[in-house]
Amino acid sequence: MTRQRHAEIHALRDRGVGTTAISVTLNLDGKTVRRYLRAATADELLTELVPRARELDEHVAYLAERWEQGCTNAARLTTELRDRGYRGSERSVRRLLHTWRDCTIKPAAMTAISPKPREVTGWLIRPVAERTEPEHADLGRILQRCESLRTVDRLVSDFAGMLRQRQGQHLDTWITQAQASAVPQLAGFAAGLLKDYDAVRNGLTLPWSSGAVEGNVCKLKAIKRQMYGRANFDLLRRRVILAE
């Protein structure tokens with residue numbers, strides 16, 4: 001169903017149909033349509049991990065222990081958790097077990113570390129010199145247990161280096177490595193870079209930036225929104241000049 005919907009939405013976009021029209025045509029919420037459009041492939045949607053319900057946090061160690069013992073039945077584990085004071089749903093337990101079945105991170109690893117996904121993401125995109133010693137140690141333990149995250153860490157670090165040091169000459173190599181990686185999100189990002197390759201390479205190489213232009217465009221849009229789109233060009237010109 002996900003693959004079919006992804007194909008339908010992107011087929012409509014390729015034909016020039018707007019997001020609102022796609023929502024109406026397929027009877028989908030606008031946020032859903034935009035989420036599908038952001039995904040270059042259906043695999044990106046299929047591999048999204050579902051956040052763990054907070055009610056399960058204090059029971060993860062027990063679940064991991066039972067999982068290692070061979071008990072993988074969500075209904076049975078939920079019953080056991082009820083006796084331990086769990087008040088959440090069986091569905092939450094089932095969703096967590098599903099991520100364990102598909103993810104390269106072993107369940108036992110979740111008992112040894114407790115940072116949230118947002119924290120780990122922050123460590124990955126932050127320069128090594130700006131990480132604290134505890135953060136560096138925690139990230140190192142996580143990377144030891146997950147090959148996919150090691151790939152993400154390496155490619156994110158390499159791209160950040162290109163960005164900070166203006167090494168656009170390495171862009172082709174980075175795109176090739178990202179597309180060959182087993183991480184759909186990175187492969188999709190690389191495919192997006194190819195669509196505007198010249199601009200990306202120039203942005204990673206040249207000292208100039210279009211930031212000033214983009215800033216003025218945003219200011220124009222803000223002024224237009226204040227007039228609810230009803231003013232003509234002459235009034236817009238006057239307001240822009242007076243705003244200087």
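Here are some numbered notes on this predicted model, going from the whole chain down to single residues.

1. **The overall picture.** The protein is built with 16 helices and 0 strands. It has 244 residues, and 31% of them are buried. Its exposed surface comes to about 16,500 Å², with carbon and sulfur atoms supplying 51% of that. As for contacts with a separation of 6 or more, residues 24 or more positions apart account for 50% of them.

2. The mean pLDDT is 83, and 89% of the residues reach 70 or more.

3. Helix α3 covers residues 30–38, and its buried residues are Gly30, Val33, Tyr36 and Leu37. Look down the helix axis and you'll find these buried residues within an arc of 125 degrees, so they line one face of α3. There's a handy bit of background here: an α-helix has 3.6 residues a turn, so residues three or four places apart point the same way. Turned away from the buried side of α3 is a face that carries the exposed residues Lys31 and Arg38. At the start of α3, check aspartate 29: one of its side-chain oxygens comes to within 2.9 Å of the backbone nitrogen of lysine 31.

4. Histidine 10 sits in helix α1 (residues 2–14). Is it buried or exposed? Histidine 10 counts as buried because its relative accessibility is 19%, and the cut-off for buried is under 20%. Setting aside neighbours within four places in sequence, histidine 10 is in contact with Tyr36, Leu37 and Ala39.

5. **Helix α5 and arginine 66.** In helix α5 (residues 60–68), the buried residues are Val60, Tyr62, Leu63, Ala64, Arg66 and Trp67. Arginine 66 has a relative accessibility of 13%, so it counts as buried. Which residues does arginine 66 touch, not counting those up to four places away in sequence? They are Cys71, Arg76, Leu77 and Glu80. Just after α5 comes glycine 70, which has a positive phi of about 105 degrees.

6. **The nonpolar cores.** The largest nonpolar core has 22 residues, and those with the most contacts inside it are Leu171, Trp174 and Leu193. Helices α9 (117–125), α10 (133–145), α11 (147–165), α12, α13 (184–195) and α14 (197–205) each give at least two residues to this core. The largest share, 5 residues, comes from α11. For a closer look, pick leucine 171: leaving out neighbours within four places in sequence, it is in contact with Met162, Leu193, Tyr197, Val200, Arg201 and Leu204. There is also a second, separate core of 15 residues, which includes Ala74, Leu81, Tyr86 and Leu96.

7. **Two residues with positive phi.** Some background first: most residues other than glycine have a negative phi. Asparagine 27 isn't a glycine, yet its phi is positive, at about 55 degrees. You'll find asparagine 27 in the loop between α2 (19–26) and α3. Asparagine 27 is exposed, since its relative accessible area is 71%. Arginine 166 is another residue other than glycine with a positive phi, near 55 degrees. Arginine 166 lies in the loop between α11 and α12. With a relative accessible area of 44%, arginine 166 is partly exposed.

8. **Lysine 219 and alanine 243.** One last stop is helix α15 (residues 211–226), where lysine 219 is found. Its relative accessible area is 31%, so lysine 219 is partly exposed. Along the chain, lysine 219 and alanine 243 are 24 residues apart, and their C-alpha atoms are separated by 9.6 Å.

Technical notes: Residues are numbered from 1 along each chain as its sequence is written. This is a predicted model: local features need pLDDT of at least 70, side-chain atom pairs count only at pLDDT 80 or more; totals for chains, interfaces and linings use all residues. Side-chain values use heavy atoms; hydrogens and water are left out. pLDDT is the predictor's confidence in each residue, from 0 to 100. Buried means under 20% relative accessible area, exposed over 50%, partly exposed in between (1.4 Å probe, protein chains only). Helices (H or I, at least four residues) and strands (E, at least two) are DSSP runs, numbered from the N terminus. The arc is that of the directions from the helix axis to the C-beta atoms. A polar contact is a pair of N or O atoms within 3.5 Å; within protein, one must be able to donate a hydrogen and the other to accept it, and residues adjacent in sequence count only if both atoms are side-chain atoms. Contact means heavy atoms within 4.5 Å. A nonpolar core is a set of buried Ala, Val, Leu, Ile, Met, Phe, Trp, Tyr and Cys residues joined through side-chain atoms within 4.5 Å. Accessible areas come from the Shrake-Rupley method with a 1.4 Å probe; for residues, only the protein chains shown count as cover.
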